[in-house]
Amino acid sequence: MTATHSLEVSSLELGYGDRTVIESLDLTVPPGRITAIVGANACGKSTLLRSMSRLLAPRTGHVLLDGREVHKMPAKELARTLGLLPQSPIAPEGITVSDLVGRGRNPHQRLLSRWSREDDIAVAAALDATHTADLADRSVDELSGGQRQRVWIAMALAQQTDVLLLDEPTTFLDVSHQVEVLDLLTDLNQTRGTTIVMVLHDLNLAARYADHLIALADGKLHAAGDPAEVLTEDTVRAVFGLDSQVITDPTSGKPLMLPLGRHHVTV
Amino acid sequence: MTQLDSRPVPGPALQRRPARVRTLWILAGLVALGLLMIASVAFGSRIVPWSDIVAGVQGHDDNLGQAAVVKRIPRTLLAVVVGAALGLAGAVMQGVTRNPLADPGILGVNMGASLAVVTGIVSFGLSSATAYIWVAILGAAVTAVFVYAVGSLGRGGATPLKLALAGAAISAALASLISAFVLPRSDIATGFQSWQIGGVGGASYDSLRQAGPFLVVGFVVSLLSAKSLNSLALGDDLAAGLGERVALARGVAALGAVLLCGASTAVAGPIAFVGLVVPHLCRLLIGLDHRWLLPYSALVGAALLTAADVVGRVVARPQEIDVGIITALIGAPFFIYIVRRQKVREL
């Protein structure tokens, strides 16, 4: 079902007020793959994602979706191709899961159009894909953190976009739920071909789940490419200012970063 | 996990249960409003029998009872229309600001409309009802923007409590300005006092006709904002991600609410708390979807204000208590309840 879309950033400069957060950034998101953006706190990861989803207008440069500038596209048209799950969305008090997921249909509805069968199918498929169908009548307030995050992803799925941007979808989740969410996103990528771009905090999970890793340091692109090439001891030092040892993860064959602090290191 | 799109639609039990509950509550609301409208023409300093009500509604005024009915019809209609406007405006304001304490009275919007009308009368000699309405809408709009700006100052933006405090403070300031204008003018002070408390007693078909067009536009604009408000409720970032132009959507919805507040204040005075209580009650009954919540808030607002007017006429016979006092008696404890609930948070 998924058409492939190109998403590119060219000579992008972003900032708030006097502060420049991203400088002259160029990058290309590989279509139909999972891309993870990593970097130290305040390196501009989330700012970049906000700009890619048109929440923040660039000072200079462009964000191009299929060659068109996202900041000049009609809002609803963009929202049918590119979806966004921000870091802390608000669940209105007492809202039910099905109501929340249904709101993802907004870009597909006109001002006066009624709820359609197509909307029903999209919502049902989204609940199904995220294993939240049995929660449909529950209030979002009652759910656990992991369930709630799956519901938010279901909402983003109901939007039926071919490109999905997620800002730290695993923050505040314990490790089992982090893996559950990333597995779910991988399912979507594999079954629907959805292009996924996410900001991730955890370098090792990013290296494991992403096909393409983007490492930012101080608002600039440090490295981008296959995780095996990007996640190196040099990158970790440059991006996080941390000495580390990178080994091959015996369970996945992907790179695994072991931090070297000042204590408890015997090598 | 193959072919996600061909998965079946959830079973009927899952989808229809809330819809049936919703239909029941809507029917109950309509019936209640109908009964209250009948009560409103029947009760007052004189209780009118059914036969006279029927005759009165058909335009006869052959005896005192029928004459009372004829006089009470515009009053009833005004209570219905103003109540609907305030209930809807409250629901829209709570949606626009994501603030459970938003209400045209609490945020000072109605008081701003009042001050504008008073200033117009005292300083510029306005006398036409249409002029009052324009001025009231302008006053409501300026106050809404000002209160929101003051409430957004400082850390954390427009939190519920900051916005309510800003509204209360600005309301108090506006109220004293109004007194300063009115007190020296004994010629307008008495009539003004009742208007200032908020009442529908002075209703006429003229006031309905003049406010009508403004209210109609206000109703249409507000109701059309329902989908945007559903998206805005999820936070500005997500709303934008769902294809909403956030600032525009918020501005349009606020404009609808301001039209409703301004026009209803111009004809009935600044009635507080209807816009606060009604949306909370409606959310409990029919849920959070604004496409249902907004029209239902209008319906329940109409019923509440009509009920308040009937009660005000019955409890102190042969005197009357203005609806503004009755709604404050209902609304003030409710306001305290919401503030004291464990989590006052953004909607």
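Visitor: How do you know how helical residues 293–315 of chain B are, and how far apart do the end C-alpha atoms lie?

Guide: This is a predicted model, and the span comes out as 96% helix and 0% strand, with its end C-alpha atoms 32 Å apart. UniProt, in an unreviewed entry, lists 293–315 of chain B as a transmembrane region.

Visitor: What makes up residues 163–183 of chain B, helix or strand?

Guide: Those residues are 95% helix and 0% strand, and the end C-alpha atoms sit 30 Å apart. The UniProt record puts a transmembrane region there too.

Visitor: How many helices and strands does chain B have?

Guide: Chain B has 14 helices and 0 strands.

Visitor: Why are residues of chain B and chain A said to be in contact, and how many take part?

Guide: Because their C-beta atoms lie within 7 Å, they count as in contact. Chain B brings 31 residues and chain A brings 36. Helix 10 of chain B gives the most to the chain B side, with 4 residues.

Visitor: Which classes of residue make up that side of chain B?

Guide: There are 14 nonpolar, 7 polar and 10 charged residues on the side of chain B that touches chain A.

Key:
Residues are numbered from 1 along each chain as its sequence is written. Chains are lettered from A and ligands numbered from 1 in the order in which they are written. This is a predicted model: local features need pLDDT of at least 70, side-chain atom pairs count only at pLDDT 80 or more; totals for chains, interfaces and linings use all residues. UniProt positions are given in the numbering used here, feature names are shortened, and annotations may be inferred rather than shown by experiment. Helices (H or I, at least four residues) and strands (E, at least two) are DSSP runs, numbered from the N terminus. Two residues are in contact if their C-beta atoms, placed from the backbone, lie within 7 Å. Ala, Val, Leu, Ile, Met, Phe, Trp, Tyr, Cys and Pro count as nonpolar, Asp, Glu, Lys and Arg as charged, and the others, Gly among them, as polar.
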